Amino acid sequence: MEQLLEVKNLSVSIDSPTGEVQAVRDVSFSLQKGEVLAIVGESGCGKSMLCKSIMKLLPPSARIKNGSISVCGQDITCSREKEMQNLRGKVFSMIFQDPLTALNPTIKIGKQIAEAVLVHHKTYARDEVYQKVLELMELVGISHPKERYHQYPWQFSGGMRQRCVMAIALAADPDILFADEPTTALDVTIQAQILDLLREIQRKLETATILVSHDLA
Ligand SMILES: Nc1ncnc2c1ncn2[C@@H]1O[C@H](COP(=O)(O)OP(=O)(O)O)[C@@H](O)[C@H]1O
Ligand SMILES: [Mg+2]
């Protein structure tokens, strides 16, 4: 079976005023189509840095010191921003931690999802985009999508906003979904719902998922 993602001996360092911080040290793993990988560890151990180094969303002070990253057999360790832009969304997509800051408060929910659809499906006609948005909203469990399309983020609860963030992450039908602590900003019962939803989507779409958490439970 083809490896979707292969990370070998990856080390990432950050230059800080007090010297070098070894954020990721010698990490190796592989991920196949439809697989779920859980990355668990205490805060500050380098989980987010690991995800960001794969998607090349590292801060300027950070650099890959050692190791390699391959996607579908292609080495992307030294890929430039332009090549990475083609991979982000389509190959890998990320659900961010805080659904409040991930959404634009001034733009209607439906439009924000539509923008993500358009970026990755440039040839879609208006109605195709609209249909895809409704489909995505249904997929992530937003009921009455036609009405909710026209609402703003502040009209959504925290859990519902996280569902919108998931719809945006899924807009380009990614092969790999990074979920970096997707539930930390939510209360406990909603956390369980979002994790169930992730599992359901992963089964339905066969999206390989990397789930990051500091919560062993
Ligand atoms: N922009 C940055 N500048 C300096 N150090 C950073 C920066 N971002 C993260 N770090 C350091 O890198 C380490 C790993 O951080 P991170 O990957 O965010 O941890 P986690 O996601 O596991 O909580 C931490 O020790 C943190 O202090
Ligand atoms: Mg983190």
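Mentor: Angles of 65 to 115 degrees count as roughly perpendicular, and angles under 35 degrees as roughly parallel. Keep that at hand. The model is predicted.

Trainee: Are α4 and α5 roughly parallel or roughly perpendicular to each other?

Mentor: Helix α4 spans residues 109-120, and helix α5 spans residues 126-139. They pack at an angle of about 110 degrees, with axes 9 Å apart. That angle lies in the range from 65 to 115 degrees. The pair α4 and α5 is therefore roughly perpendicular.

Trainee: Is the crossing of α4 and α5 left-handed or right-handed, and which residues of α5 make the contact?

Mentor: The α4–α5 crossing is right-handed. On the α4 side, the contact uses Ile109, Gly110, Ile113, Ala114, Val117 and Leu118. From α5 come Val129, Lys132, Val133, Leu136 and Met137.

Trainee: How many charged residues does the contact of α4 with α5 have?

Mentor: Sort the contact by class. Nine residues are nonpolar and one is polar. The charged count is one.

Trainee: Is α4 roughly parallel or roughly perpendicular to α7?

Mentor: The axes of α4 and α7 come within 8 Å and cross at roughly 25 degrees. The cut-off for roughly parallel is under 35 degrees. Helices α4 and α7 are therefore roughly parallel.

Trainee: Which residues of α7 meet α4?

Mentor: α4 passes α7 in a right-handed crossing. Ile109, Gln112, Ile113 and Ala116 stand on the α4 side. Their partners in α7 are Cys164, Ala167 and Ile168.

Trainee: How many nonpolar residues are in the contact of α4 with α7?

Mentor: No residue there is charged. One is polar. The nonpolar count is six.

Trainee: How are α7 and α8 set: roughly parallel or roughly perpendicular?

Mentor: Helix α7 covers residues 158-169, and helix α8 covers residues 188-205. Their axes come within 10 Å and cross at roughly 25 degrees. That makes the setting of α7 to α8 roughly parallel.

Trainee: Which residues of α8 meet α7?

Mentor: The crossing of α7 and α8 is right-handed. α7 brings Gly159, Gln162, Arg163 and Met166. α8 brings Ile190, Gln193, Ile194, Leu197, Leu198 and Ile201.

Trainee: How many polar residues does the contact of α7 with α8 have?

Mentor: Six of its residues are nonpolar. One is charged. The polar count is three.

Trainee: Now the ligand. How far is an oxygen atom of ligand 1 from a polar backbone atom of Met49?

Mentor: Residues around ligand 1 include Glu42, Ser43, Lys47, Ser48 and Met49. A backbone N or O atom of Cys45 lies 3.2 Å from a ligand 1 oxygen. For a backbone N or O atom of Gly46, the distance to an oxygen of ligand 1 is 3.0 Å. For the polar backbone atom of Met49, it is 2.8 Å.

Methods
Residues are numbered from 1 along each chain as its sequence is written. Chains are lettered from A and ligands numbered from 1 in the order in which they are written. This is a predicted model: local features need pLDDT of at least 70, side-chain atom pairs count only at pLDDT 80 or more; totals for chains, interfaces and linings use all residues. Side-chain values use heavy atoms; hydrogens and water are left out. Axes are lines fitted to C-alpha atoms, for helices over the stretch in contact, and angles run from 0 to 180 degrees between N-to-C directions. Helices (H or I, at least four residues) and strands (E, at least two) are DSSP runs, numbered from the N terminus. Angles under 35 degrees count as roughly parallel, over 145 as roughly antiparallel, 65 to 115 as roughly perpendicular and the rest as oblique. A crossing is left-handed if the near helix is turned anticlockwise from the far one by less than a right angle, and right-handed if clockwise. Contact means heavy atoms within 4.5 Å. Ala, Val, Leu, Ile, Met, Phe, Trp, Tyr, Cys and Pro count as nonpolar, Asp, Glu, Lys and Arg as charged, and the others, Gly among them, as polar. A residue is near a molecule or strand if one of its heavy atoms lies within 4 Å of it. A polar contact is a pair of N or O atoms within 3.5 Å; within protein, one must be able to donate a hydrogen and the other to accept it, and residues adjacent in sequence count only if both atoms are side-chain atoms.
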